[in-house]
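Open your viewer and get ready to click through a few stops. Keep the selection tool at hand.

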Amino acid sequence: MGNRSGVLELAVLGLLHEAPMHGYELRKRVNAQFGWGRVLSFGSLYPCLKVMLRNGLITADPGTPESGRRPKIVYTITADGKDHFAHAMHDAGPSAWEDDTFGVRFSFFGRTDPATRLRILEGRRARMEERLANFRAAMSRTAERVDTYTLELQRHGLESAEREVRWLNELIDGERRQHSSQHPPPPDQGDSR
């Protein structure tokens with residue numbers, strides 16, 4: 001799921017899980033929800049939809065024609081598409097916390113079980129802590145040899161990574177609190193000698 005088309009497929013399946021949509025509406029929702037405004041074009045979306053149709057993950061039905069226009073094709077998720085989406089959302093491997101995938105996965109966390117959410121959040125935090133260490137190392141090695149703008153860019157990257165680690169820590173703490181409130185430890189039975 002780490003490649004761009006796999007991420008787009010996951011995003012489309014997640015959105016179609018909510019309601020059937022036509023291509024223009026799907027593109028608009030993907031751009032709005034995932035911030036791909038300049039990147040996702042119909043040239044990316046429609047080939048993805050065709051592959052999903054071929055694989056039986058979605059269906060395409062002609063909609064109702066609008067005043068002299070040809071009907072818009074409405075895409076609907078199939079039972080196989082729902083199964084594929086559920087399986088993909090359960091995957092908590094390294095691709096789930098990569099930059100390209102994490103935002104899409106996170107936006108559908110409501111359909112992800114708590115243990116998987118926690119594994120993904122912890123994996124993302126580890127990835128961001130690694131990135132943070134790399135930023136710090138790079139800044140200490142290059143601080144004297146780079147111009148002001150490069151240094152500012154490095155500082156911006158460092159601050160962004162620090163902010164994301166703090167956010168992830170809060171999310172992880174919240175997930176753990178929620179889990180412990182739903183599964184309290186058994187009462188202490190005391191010593192029964």
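This tour visits a loop, some salt bridges and a pocket. Bear in mind that the model is predicted.

**Stop 1: a loop residue**

Select T112. You are in the loop between helix 5 (99–107) and helix 6 (114–142). Is T112 buried or exposed? T112 counts as buried, because its relative accessibility is 5% and the cut-off for buried is under 20%. Now show its side chain. It reaches the backbone oxygen of F108 at 3.3 Å. Next, look past the neighbours within four places in sequence. There T112 is in contact with M89 and R117.

**Stop 2: from R117 to helix 7**

Select R117. Which residue forms a salt bridge with R117? The partner is E175, and the closest N and O atoms are 3.0 Å apart. R117 lies in helix 6 and E175 in helix 7 (residues 148–182), so this pair ties together parts that are 58 residues apart in sequence. Colour both by accessibility. R117 counts as buried at 11%. E175 counts as buried too, at 14%.

**Stop 3: another link between these helices**

Select E122 and R176. Their side chains meet in a salt bridge, 2.3 Å from N to O. E122 lies in helix 6 and R176 in helix 7, so the pair ties together parts 54 residues apart in sequence. E122 is partly exposed, with a relative accessible area of 27%. R176 is partly exposed as well, at 39%. Then select D99, R124, R131 and E164. Salt bridges that share partners join these residues into one network.

**Stop 4**

Select E18 and R111. They form a salt bridge, with the closest N and O atoms 3.9 Å apart. The pair links distant parts of the chain: E18 is in helix 1 (residues 4–18), while R111 is in the loop between helix 5 and helix 6, 93 residues apart. E18 is partly exposed at 42%. R111 is partly exposed at 35%. How many salt bridges does the model hold? The count comes to eleven.

**Stop 5: the largest pocket**

Select Y46, R70, P71, K72 and I73. Of the eleven residues that line the largest pocket, these lie nearest its centre. The space in this pocket is about 270 Å³. Now highlight helix 2 (23–34), helix 3 (42–54) and strand 3 (73–77). Each supplies at least two residues of the lining. Finally, colour the lining by residue type.

Conventions:
Residues are numbered from 1 along each chain as its sequence is written. This is a predicted model: local features need pLDDT of at least 70, side-chain atom pairs count only at pLDDT 80 or more; totals for chains, interfaces and linings use all residues. Side-chain values use heavy atoms; hydrogens and water are left out. Helices (H or I, at least four residues) and strands (E, at least two) are DSSP runs, numbered from the N terminus. Buried means under 20% relative accessible area, exposed over 50%, partly exposed in between (1.4 Å probe, protein chains only). A polar contact is a pair of N or O atoms within 3.5 Å; within protein, one must be able to donate a hydrogen and the other to accept it, and residues adjacent in sequence count only if both atoms are side-chain atoms. Contact means heavy atoms within 4.5 Å. On a 1 Å grid over the protein atoms alone, a cavity is a set of points where a 1.4 Å probe fits but cannot get out, and a pocket is an open set with protein on both sides within 12 Å along at least five of seven lines; lining residues have an atom within 4 Å of a point. Grid points are joined across faces, edges and corners, and a volume is the space filled by probe spheres set on the points. A salt bridge is a side-chain nitrogen of Lys or Arg within 4 Å of a carboxyl oxygen of Asp or Glu.
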